[in-house]
Amino acid sequence: MLSDLHIGGLTPLTTTDYPGCLAAVVFCQGCPWRCGYCHNPHLLPRTVPAQLSWHAVRSFLERRRGLLDAVVFSGGEPTLQTALVDAARQVRELGFKVGLHTAGMYPSRLKRLLPLFDWVGLDIKAPFAGYEKITGARGSGEKAFASARLVLESGIDYEFRTTVSPNLFSNEDLLRLAQTLAERGVQKYSLQECRPSGRDDHRFLEDASDAYSRDLLYAKIGRLFSRFTLRRA
Ligand code: SF4
């Protein structure tokens, strides 16, 4: 039921969460992974009280018709919640494009959800072998890479994104990951510098743009993709 959608917050206007669109972001509560750099730790528990009802979000969106292009479901992990299906349908009925931010932890659910969305931002957190070190979740690499394949096969517009910090990846790791993604057919890729996490995990807060050379970021990695973005913290 749509009233079951557990919402942890709403950003009424953003220009950065859905490429090329003015968007609102609905933050879905709950995520089973525990990435050390997560900058929304308040959205991880499933059981905290919701901050907003779907009814309130829908009323807000009805007043924004003609002013916003898109609505993005982010988190936490939106695909955790079965009510996302009906929420995405309603957003499209209201005339907005529908976007999804996901870490790809539920590939079979994602496969069913993709036709309801216009754009997906998929986190690729690490080379396959390094996934569990970042997420704390066994089997997370298999799930994320299965989801990556589904997104590419679906034909949906997308961006794959990796959060980078010199404490997470060496120059060689980063280049190898980018080459792996390019070999699998990824065309749109971004690297995002770690932001302060709110979890007091200062190991992740070094400035990636200082640690990685321009040659690596732009000449070696950037040229592998038809669209490449580096997002500063
Ligand atoms: S998957 Fe996303 S929401 Fe979940 S812990 Fe990792 S960064 Fe945070």
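Reader: Is Gly155 buried or exposed?
Author: The model is predicted, so local features need pLDDT of at least 70, side-chain atom pairs count only at pLDDT 80 or more, and totals for chains, interfaces and linings use all residues. Residues are numbered from 1 along each chain as its sequence is written. A residue is buried if 20 or more other C-beta atoms, placed from the backbone, lie within 10 Å of its own, exposed if 12 or fewer, and partly exposed in between. Gly155 has 8 other C-beta atoms within 10 Å, so Gly155 is exposed.

Reader: Where does Gly155 lie, and what phi does Gly155 take?
Author: Helices (H or I, at least four residues) and strands (E, at least two) are DSSP runs, numbered from the N terminus. Gly155 is placed in the loop between α5 and β6. Its C-alpha is 9.9 Å from that of Trp119, 36 residues away in sequence. Coming just after α5, Gly155 has a positive phi of about 85°.

Reader: What is the distance between the end C-alpha atoms of helix α5?
Author: The expected span of a helix is 1.5 Å times one less than its number of residues. Helix α5 covers residues 140-154, 15 residues, so it should span 21 Å. The end C-alpha atoms agree with this, being apart by 21 Å.

Reader: Within what arc do the buried residues of α5 fall?
Author: The buried residues of α5 are Ser140, Gly141, Lys143, Ala144, Ser147, Ala148 and Val151. They line one face of the helix, because the arc, taken over the directions from the helix axis to the C-beta atoms, is 165°.

Reader: Which exposed residues does the opposite face of α5 carry?
Author: The buried residues of α5 are covered by elements including α3, β5, α4 (131-135) and β6, where contact requires C-beta atoms, placed from the backbone, within 7 Å. Turned away from that buried side is a face with the exposed residues Glu142 and Glu153.

Reader: Which residues does Phe128 touch, not counting those up to four places away in sequence?
Author: Phe128 sits in the loop between β5 and α4. It counts as partly exposed because it has 13 C-beta neighbours inside 10 Å. Its C-alpha is separated by 5.1 Å from that of Gly141, 13 residues along the chain. The residues it touches are Gly141 and Phe145.

Reader: Which residues around the ligand are listed, and how many of the shell are charged?
Author: A residue is near a molecule if its C-beta atom, placed from the backbone, lies within 6 Å of it. Around the ligand are Cys31, Trp33, Arg34, Cys35, Cys38, Asn40, Leu44, Gly75, Gly76, Glu77 and Ala103. Ala, Val, Leu, Ile, Met, Phe, Trp, Tyr, Cys and Pro count as nonpolar, Asp, Glu, Lys and Arg as charged, and the others, Gly among them, as polar. The shell has 6 nonpolar and 3 polar residues, and its charged residues number 2.

Reader: What is the omega of the peptide bond from Gly75 to Gly76?
Author: Gly76 belongs to the loop between β3 (70-74) and α2 (84-93). The peptide bond from Gly75 to Gly76 is cis, with omega near 10°.

Reader: Which residues does Gln81 contact beyond four places in sequence?
Author: Gln81 lies in the loop between β3 and α2. It counts as buried because it has 21 C-beta neighbours inside 10 Å. Its contacts, leaving aside neighbours within four places in sequence, are Leu5, His6 and Cys28.

Conventions
Two residues are in contact if their C-beta atoms, placed from the backbone, lie within 7 Å.
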